[in-house]
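User: Please take one part of this model and look at it closely, in a single connected account.

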Amino acid sequence: KGKCPEDEWDESTIELFLHELAIMDSNNFLGNCGVGEREGRVVSGLVARRHYRLIHGIGRSGDISAVQPKAAGSSLLNKLTNSIVLDVIKLAGVRTVTSCFVVPMATGMSLTLCFLTLRHKRPKAKYIIWPRIDQKSCFKSMITAGFEPVVIENVLEGDELRTDLKAVEAKIKALGAENILCVHSTTSCFAPRVPDRLEELAVICANYDIPHIVNNAYGVQSSKCMHLIQQGARVGRIDAFVQSLDKNFMVPVGGAIIAGFNESFIQEISKMYPGRASASPSLDVLITLLSLGTSGYKKLLKERKEMFSYLSSEMKKLADNHNERLLDTPHNPISLAMSLKNLDETNDAAVTQLGSMLFTRQVSGARVVPCGSVQTVNNYTFKGFMSHANDYPCAYLNAASAIGIKKQDVDVFLKRLDKCLKTFRKEAKQEKSTNEISDTNAATEQLED
């Protein structure tokens with residue numbers, strides 16, 4: 001049926017299935033006589049076993065989705081994986097998606113592939129409208145494709161950074177719709193930035209006949225992000241949305257899914273990929289989804305949502321204890337931010353020092369964002385880099401509830417963060433006391449004089 005099974009398969013069944021696929025590839029035929037330059041020869045038995053002897057990769061030189069006659073098993077694996085992934089995307093909330101394919105590149109390069117495909121449709125276009133998100137790979141994806149990003153600064157609403165729709169539309173009018181390749185929007189992002197106003201952007205794109213590419217990097221795990229994409233496609237225009245395999249399906253880094261609502265356009269993107277491709281990302285996600293089944297994946301999505309609520313309530317308590325506050329970002333369903341105002345006022349270097357302290361205490365993934373840092377990326381200078389705004393009101397710390405997170409992760413993180421913050425408070429108190437003593441001594445000396 002080409003759908004993800006409801007119940008998980010055990011490992012021996014999955015391995016049997018993969019071995020059956022492998023013996024359909026010519027490199028594993030007993031009487032095979034290969035006289036070409038690409039015959040699936042592998043000198044290391046360890047490497048062959050690591051790939052279940054599926055050596056030919058996927059696609060042909062002209063199309064990553066094409067069937068390779070001498071690699072029937074690998075081709076079947078590719079078709080099945082794309083079909084099962086499409087089923088899971090529908091299950092996650094984008095019901096009307098019509099086509100997708102797994103590409104052996106991470107999100108940034110997959111976005112580049114989408115932009116390069118649009119180049120042939122819009123030869124005059126040289127600009128990409130991009131509501132600002134301070135993440136290098138999605139910015140560099142536009143530069144690598146040879147386009148000029150037009151950065152739209154976000155609007156501060158309460159604590160949240162949101163899409164400036166008026167600025168987007170004004171820039172389209174100023175540059176001319178025919179000169180714009182696409183609008184490049186984002187769903188999943190670090191708080192206090194929240195997902196772009198996808199429905200409104202999709203309507204703008206439809207009105208001006210401009211393509212719309214969505215960076216949905218880790219959005220598959222969020223029903224809210226997937227709902228935004230579904231609604232955007234319903235009321236306006238979304239041409240493709242790109243998501244990472246490792247962030248959404250807990251597999252090694254190196255793959256992404258390009259999906260959309262127009263099958264012919266998604267096929268165009270797959271044909272733009274030059275040459276054959278590694279089957280490893282397809283193999284990894286197929287094994288993972290068969291080992292979970294739809295019931296297992298739904299359970300992970302449910303647990304992630306529950307952990308987000310738990311992380312939010314516990315971070316709020318911790319923030320209150322340290323005279324800080326959990327920033328109010330209700331539109332961000334994955335990431336949270338806690339102010340570090342007191343730390344920032346105490347010492348300029350204290351904020352970045354906190355990040356270093358957490359890392360040395362084996363806390364990974366938490367980001368500390370100081371005020372006013374400036375960074376240049378590909379000759380573009382961003383003021384307040386990492387905070388998605390030129391002048392965000394305070395320094396802060398990020399933490400995310402992503403798929404696979406456990407209660408133990410949250411508890412250990414908060415315990416270590418609490419300890420680090422107490423260390424800073426203690427040091428600040430000692431410094432204040434030392435300064436007071438110094439001031440008293442200086443006053444005494446003046447009186448004696």
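Analyst: The lining of the largest pocket is made up of 22 nonpolar, 13 polar and five charged residues (Ala, Val, Leu, Ile, Met, Phe, Trp, Tyr, Cys and Pro count as nonpolar, Asp, Glu, Lys and Arg as charged, and the others, Gly among them, as polar). The model is predicted, with local features needing pLDDT of at least 70 and side-chain atom pairs pLDDT 80 or more, whereas totals for chains, interfaces and linings use all residues. Residues are numbered from 1 along each chain as its sequence is written, and side-chain values use heavy atoms, without hydrogens or water.

The pocket holds about 950 Å³ of space, as filled by probe spheres set on grid points joined across faces, edges and corners. A pocket is an open set of points on a 1 Å grid over the protein atoms alone, where a 1.4 Å probe fits, with protein on both sides within 12 Å along at least five of seven lines, and lining residues have an atom within 4 Å of a point. Of the 40 lining residues, Phe190, Ser364, Gly365, Ala400 and Ala402 lie nearest the centre of the pocket. Two or more lining residues come from each of helix 4 (107–121), helix 5 (136–144), helix 9 (245–249), strand 14 (396–400) and helix 14 (407–448), these being DSSP runs numbered from the N terminus (helices H or I, at least four residues; strands E, at least two). Helix 14 gives the largest share of the lining, five residues. Both domain 1 (11–31 + 39–292) and domain 2 (297–435) contribute at least three residues to the lining, with bounds taken from an automatic or database domain assignment.
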